[in-house]
Amino acid sequence: MLTDTARQELLPTGALRLAVNVANAEMAAETSPGAFRGKAIDLSRRLADDWGIAVEILPFASGGAILADMAAWDAAVLAVEPSRRDRIHFLPPFARVDATLATLGRSDISTCRGADAEGVRIAVVRGAAYTAHLQASTAQAELVPFDSPKAARAALLDGTCDFVAGIRSTLAGLARENAAVRLMEDDVLRIPQALAIALGKTHAQAALEAWFAARAEPAAS
């Protein structure tokens, strides 16, 4: 149950404004205007049913866009990334997604590690968890940042970049649309996904942690 204080912290407008990243189709995909499906949507429905609250889904183009507009939402489903903990509190992860690289045509490179080579340009998305990982682990390749996953994918298709980083399921969809697109055999990393709220909402945080302890399913292995 929500205490009055927790409700004020979590539902200042009367409904839970939940930010989701629609570039991560496993978590949230818009099936028609205002209608969504995905693991984040399933989680929000369980929370709405258990607490008897209304949930308003707010779609964003990327995780970075969600973090850039924190005043617009009360909670968000985001990749768990240590650099974000200075602004938000993560609840326990409830799912994981894989991030990898994709390229065009044939080459000798078939792994993400192999793409870290001199002269290689990799399109990445500003603020993405996999971008932070690549920034820390890439030694030779050049990371070229873009504001959205769509723009990063376009940079691969028009030849601006040699590879693009992204969620594997999203890049697999790109490959289905374009036979020249080829995904790497391995992953950049596996990314835990979690419900998150802004720091300082201690009563809301306690209520959500109690709910997860009692109801939430364990994260996928």
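Which residues of H7 are buried? Here are some notes on that helix and what surrounds it.

1. First, the ground rules. This is a predicted model, in which local features need pLDDT of at least 70, side-chain atom pairs count only at pLDDT 80 or more, and totals for chains, interfaces and linings use all residues. Residues are numbered from 1 along each chain as its sequence is written, and side-chain values use heavy atoms, with hydrogens and water left out.

2. On to the opening question: the buried residues of H7 are Ala204, Ala207, Leu208, Trp211 and Phe212. They lie on the same side of H7, because they cover an arc of only 135° around the axis (the arc of the directions from the helix axis to the C-beta atoms). Buried here means under 20% relative accessible area, exposed means over 50%, and partly exposed is in between, with a 1.4 Å probe and protein chains only. The face turned away from the buried side carries the exposed residues Thr202, Ala213 and Ala214.

3. Helices (H or I, at least four residues) and strands (E, at least two) are DSSP runs, numbered from the N terminus.

4. What does the buried side of H7 pack against? Its partners are helix H1 (4–10), helix H2 (39–51) and strand E12 (189–198), with contact meaning heavy atoms within 4.5 Å. Leu195 is worth a look: leaving aside neighbours within four places in sequence, its contacts include Leu208 and Phe212, along with Leu18, Leu43, Val77 and Phe94 among others.

5. Aromatic pairs come to two. Trp211 and Phe212 form one that is edge-to-face, at 5.1 Å centre to centre and 85° between the planes. Ring pairs link Trp51, Trp211 and Phe212 into a cluster. The rule pairs rings of Phe, Tyr and Trp (its six-membered ring) if their centres lie within 6.5 Å; planes under 30 degrees apart count as stacked, over 60 as edge-to-face and the rest as tilted.

6. There are eight salt bridges, each a side-chain nitrogen of Lys or Arg within 4 Å of a carboxyl oxygen of Asp or Glu. One of them joins Arg17 and Asp74 (2.7 Å, N to O). Arg17 is in strand E1 (residues 16–21) and Asp74 in the loop between helix H3 (63–68) and strand E5 (75–79), so the pair ties together parts 57 residues apart in sequence. Arg17 is buried at 18% relative accessible area, and Asp74 is buried at 1%.

7. Another salt bridge joins Asp98 and Arg190 (2.9 Å, N to O). Asp98 lies in strand E7 (residues 95–104) and Arg190 in strand E12, so this pair ties together parts 92 residues apart in sequence. Arg190 counts as partly exposed, at 42% relative accessibility.
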